[in-house]
Amino acid sequence: MELTDIQRKFVLHWGEMGSMWGVNRTVSQIHALLFAHGKPMHAEELSDTLGVARSNVSNSLKELQAWNLVRVTHTMGDRRDYFETSVDVWELFRTVVRERKEREFDPTVRMLRELVTSPDFQKEPADAQDRIRSTMELMDKLATWADEMLRLSPGTLDKVLTLGASVQKFVRGDAASTDKGGSGGKGEDPDAHHASLPMI
């Protein structure tokens with residue numbers, strides 16, 4: 001398969017970003033290629049297109065399957081395995097968040113809970129206890145928020161994030177950046193503009 005300039009730049013950049021996120025470059029490039037192409041591809045085609053060894057492609061596909069980012073499909077009259085990924089960017093986002101949460105975030109939360117409930121925890125200095133407990137409470141809240149977001153459909157999640165951006169502007173006071181009252185912002189009650197926040 002011959003990549004267009006746009007596809008080539010997309011795949012190469014995704015590989016670079018993958019490395020920064022701690023993901024193997026070939027793994028990221030294969031996923032980017034399947035996403036950009038939008039159609040199932042077999043391992044040989046992936047290998048030829050990216051110019052990487054077949055064994056590298058095979059190992060990378062196994063890792064992508066473990067992350068639930070790639071699935072196997074078949075074509076009539078062809079015994080080879082074909083691989084495809086979701087072309088819904090929101091579904092991919094949810095998959096990555098869910099998988100990383102289960103692998104990286106949840107174990108840390110469990111460890112913090114074990115520390116706080118350990119009898120030895122009370123032997124730690126009070127300020128150290130406060131820092132560890134505060135960290136656990138923050139991560140608990142983030143975990144709850146993430147679980148709620150993952151229950152939403154991609155369409156609903158898109159609306160929630162869009163609404164969240166609008167609410168954030170009101171909270172920051174961006175909506176009051178243009179002073180219609182001519183006060184120039186001096187002596188203004190920082191909470192006064194919140195009254196204009198629409199009902200949700």
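**Stop 1: Lys101**

Select Lys101 and show what it touches: Asp106, Pro107, Ala143, Ala146 and Asp147, leaving out residues up to four places away in sequence. Contact here means heavy atoms within 4.5 Å. Lys101 sits in helix α5. Helices are DSSP runs of H or I with at least four residues, strands are runs of E with at least two, and both are numbered from the N terminus. Is Lys101 buried or exposed? Lys101 counts as buried because its relative accessibility is 12%. The cut-offs are under 20% relative accessible area for buried, over 50% for exposed, and partly exposed in between, with a 1.4 Å probe and protein chains only.

A word on the model before moving on. This is a predicted model, in which local features need pLDDT of at least 70, side-chain atom pairs count only at pLDDT 80 or more, and totals for chains, interfaces and linings use all residues. Residues are numbered from 1 along each chain as its sequence is written, and side-chain values use heavy atoms, with hydrogens and water left out.

**Stop 2: the whole chain**

Zoom out and colour by secondary structure. The protein has seven helices and three strands. Along the sequence they run α-α-β-α-α-β-β-α-α-α. Of the 200 residues in the protein, 28% are buried. Take the contacts between residues at least 6 apart in sequence: 52% of them join residues at least 24 apart.

**Stop 3: Met136**

Go to Met136, in helix α6. Met136 has a relative accessible area of 13%, so this residue is buried. Now select Val109. Met136 and Val109 are 27 residues apart along the chain, and their C-alpha atoms are separated by 6.4 Å. Leaving aside neighbours within four places in sequence, Met136 is in contact with Leu112, Arg113 and Val116.

**Stop 4: the α1 and α2 pair**

Select α1 (5–20) and α2 (25–37). Two packed helices are described by the angle between their axes and the distance between the axes. Here the angle is about 145°, and the axes are 8 Å apart. Axes are lines fitted to C-alpha atoms, for helices over the stretch in contact, and angles run from 0 to 180 degrees between N-to-C directions.

Which hand does the crossing of α1 and α2 have? The crossing is right-handed.

Show the side chains where the two meet. From α1 come residues including Phe10, Trp14 and Ser19; from α2, residues including Arg25, His31 and Phe35. The residues of this contact divide into eight nonpolar, seven polar and two charged. Nonpolar covers Ala, Val, Leu, Ile, Met, Phe, Trp, Tyr, Cys and Pro; charged covers Asp, Glu, Lys and Arg; the others, Gly among them, are polar.

**Stop 5: His31**

Stay in α2 and pick His31. His31 is buried, because its relative accessible area is 11%. Leaving out residues up to four places away in sequence, His31 touches Trp14, Leu64, Leu69, Val70, Thr85 and Leu92.

**Stop 6: α3 and its end**

Select α3, residues 43–50. Ala43, Leu46, Ser47, Thr49 and Leu50 are buried there. What do the buried residues of α3 pack against? Their partners are α1, α2, β1 (41–42), α4 and β3 (78–84).

**Stop 7: Asn68**

Jump to the loop between α4 and β2 and select Asn68. Most residues other than glycine have a negative phi. Asn68 has a positive phi, near 60°, and is a residue other than glycine.

**Stop 8: Arg71**

Move to strand β2 (residues 71–75) and select Arg71. Arg71 is partly exposed, with a relative accessible area of 43%. Not counting residues up to four places away in sequence, Arg71 touches Tyr82, Phe83, Glu84, Thr85 and Ser86. Asp81 is 10 residues from Arg71 in sequence and 9.8 Å from Arg71 in space, C-alpha to C-alpha.

**Stop 9: the largest pocket**

Finish by selecting Trp21, Leu92, Val96, Val97 and Arg100. Of the 28 residues that line the largest pocket, these lie nearest its centre. Which helix gives the largest share of the lining? Helix α5 does, with nine residues. By class, the lining has 20 nonpolar, four polar and four charged residues.

Notes: On a 1 Å grid over the protein atoms alone, a cavity is a set of points where a 1.4 Å probe fits but cannot get out, and a pocket is an open set with protein on both sides within 12 Å along at least five of seven lines; lining residues have an atom within 4 Å of a point. A crossing is left-handed if the near helix is turned anticlockwise from the far one by less than a right angle, and right-handed if clockwise.
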